Structures are given as structure tokens and as C-alpha cells.
Amino acid sequence: MSVRIGRVKEALDAAVIEGNGWLDAEVEHIYASDLMSDVLAYGKPNSILLTGLASQQAIVSAHMAEFKGIVLIRGKKPKDSSQAFARDHHLVLLTTELDMYDACVRLEAERTGIKLNSNAPPETHKAEEMLLHSDFVIEGSDFAWAGMVSTEIKSILKKIGIDPKIVRRVAISTYEGEMNVVMHAIRAKVHLAVTPRIIEVVIDDEGKGIPDIDMAMEEGFTTSTEEQRAMGFGSGMGLPNIKRNADELKISSMVGKGTILVMRYTI
């Protein structure tokens, strides 16, 4: 089924950053991802991309995959020369205040003709009936966007009705893990899975790894720089705080390659 980009704009209450003249163009697919390698591997031509990455790499990736437009979620605006690149290559560039979850719900409602209450968050299945998977990416050293993945995961869990006390524990653990990536790694893939009984968050980073996991788990132990500590990070409480909040924590690490954190919470 094809849909006008203008209709996507209306469904998401989006604003046009670039491409007012191309809103009548039609797309056949809508692809939601923050992993540009996945966009290039699985995205189909003649699509529109929903993403939280407001970087030129996201815009260039959409162009390389022969997409027709990009929607930046959570009110994000393009960084660098992204806007000019979109204009030069005839890509529609939109921004919406919705997060990824709400945007996808809105678009599915538009496709199926379901009426949503615009004054309240859309209701889906209750938490005990659903199975959910979402993927995100964290860029190392990007302090400007640090915490955005944790914020999105917290928002998703709240919207599907998870107990607020569990949501808080997941959010704290994920934020600590996200900050570790920003401070110590190159980048990381994050996978959120929700089953009827378990919430699982996996943070798989590319970085220098942890030489001694037992030592890293000690409160106060840190390898953060003076600059990072001056910004209020790196007190040596990250991994201990994750362990304190998760029902189950598994850590595997290889020096020079990276670290995988698996955090599980019983619903």
C-alpha cells in the first residue's frame, strides 16, 4: 500500500524542515530504526525513515537506501549540514514531537483506519498480553544526546502499563549503562525485549572492554577522566547501581573488543 508523505506528516502532526514541494510524493514502506546499518541492509527503496538520529549520517543513509524522506522523532532538529543535504538530494525532512512508539502507533492507526483519542496516549494491549522488541543505538562521546535511549525505553514501558517501580529500576540501570558507553566505548547496540514475565535490556558495545570485571563492580572504582568527572559522571557507581536495580545482571567483556551487559527484570 502506498501513502502520500503529506498524509504521514498529518498523522504525526509533523512540521516540515525541508521538502514542502515534495509532500505529494508517495512511499510504499515506513521504516523505524536508529541503526543505520540495518536501514542499509533491510530498508526498501521508496520508503520513509523514522529515526531519533538527527545526524547527517542518518540523512545520507536514507539517501543511499533510496528513501524519499526522513521523520525525526521527539522534536529533534537536524545537526551539521543535514538540512542542506536533504534539500540538495530532494529528500523530505520532517520533525514530530512524538516518540518512536507513539509515531508507529499513529501510523498503524492511519493504515488500519482506527480512531485514536488525540487527548490521551493511544491504548494498546495490556502489558501482560504483549511481546515487544525494540532496538536502539548509542554513540560514544556524544554527551549532548546521552540519556535519550534510556528516556525512550522508559517512555515505552510506561505506555504499555509496566509497574512504575519496575520502570524506574529499568530506567536507572539503562541510563547507567548508556553513560558507560558514552564515556568509554565507540558505540553500542541496545535491545529491549518485553515478554509476559520478563523485561530484558541488552547493551552490546564496541570499545576497550573491561580487564577486571570484579574490580569494576566495586563501588568507587573508576577509569573515568578528570574531564568526565568534572561533568558529574564517573563516580564508580555505574555497574554497582545497575546490579542494585536489576533482578539479574550478566556481564561479559573482551579487552580491545567490547562489553555486553544483559539486564533482566521480573514483571
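## Close-up views of a predicted model

**View 1. Leucine 192 and its neighbours.** Leaving aside residues up to four places away in sequence, leucine 192 touches Leu132, His133, Ser134, Phe136, Ile153, Ile156, Leu157, Ile199, Glu200 and Val201. The model shown here is predicted. Leu192 belongs to the largest nonpolar core, a set of 36 residues. Together with Leu157 and Ile199, Leu192 touches the most other members of that core. Helices and strands both contribute: among those that supply at least two residues each are helix 6 (148-159), strand 9 (185-194) and strand 10 (198-207). Helix 7 gives the most, with 7 residues. In soluble globular proteins, nonpolar side chains tend to be buried together.

**View 2. A second core.** This core is separate and has 19 residues. Its members include Met36, Ala54, Ile59 and Leu91.

View 3. Strand 2 runs antiparallel to strand 7 (residues 92-95), and 3 bridges link the pair. Here valine 16 faces leucine 94 of strand 7.

**View 4. Arginine 106 meets aspartate 13.** These two residues form a salt bridge, with their closest N and O atoms 3.3 Å apart. Arginine 106 sits in helix 5, while aspartate 13 sits in the loop between helix 1 (5-11) and strand 2. The pair therefore ties together parts that are 93 residues apart in sequence. Arginine 106 is partly exposed at 22% relative accessibility. Aspartate 13 is exposed, at 59%.

**View 5. Lysine 159 meets aspartate 99.** The N to O distance in this salt bridge is 3.2 Å. Lysine 159 lies in helix 6 and aspartate 99 in the loop between strand 7 and helix 5, so parts 60 residues apart in sequence are tied together. Is aspartate 99 buried or exposed? Its relative accessibility is 8%, so aspartate 99 counts as buried. Lysine 159, at 25%, is partly exposed.

**View 6. A salt-bridge network.** Lysine 250 and glutamate 248 form a salt bridge, their closest N and O atoms being 3.6 Å apart. Shared partners join Glu200, Glu248, Lys250 and Arg264 into one network.

Notes:
Residues are numbered from 1 along each chain as its sequence is written. This is a predicted model: local features need pLDDT of at least 70, side-chain atom pairs count only at pLDDT 80 or more; totals for chains, interfaces and linings use all residues. Side-chain values use heavy atoms; hydrogens and water are left out. A nonpolar core is a set of buried Ala, Val, Leu, Ile, Met, Phe, Trp, Tyr and Cys residues joined through side-chain atoms within 4.5 Å. Buried means under 20% relative accessible area, exposed over 50%, partly exposed in between (1.4 Å probe, protein chains only). Helices (H or I, at least four residues) and strands (E, at least two) are DSSP runs, numbered from the N terminus. Contact means heavy atoms within 4.5 Å. Two strands pair if DSSP finds at least two bridges between them. A salt bridge is a side-chain nitrogen of Lys or Arg within 4 Å of a carboxyl oxygen of Asp or Glu.
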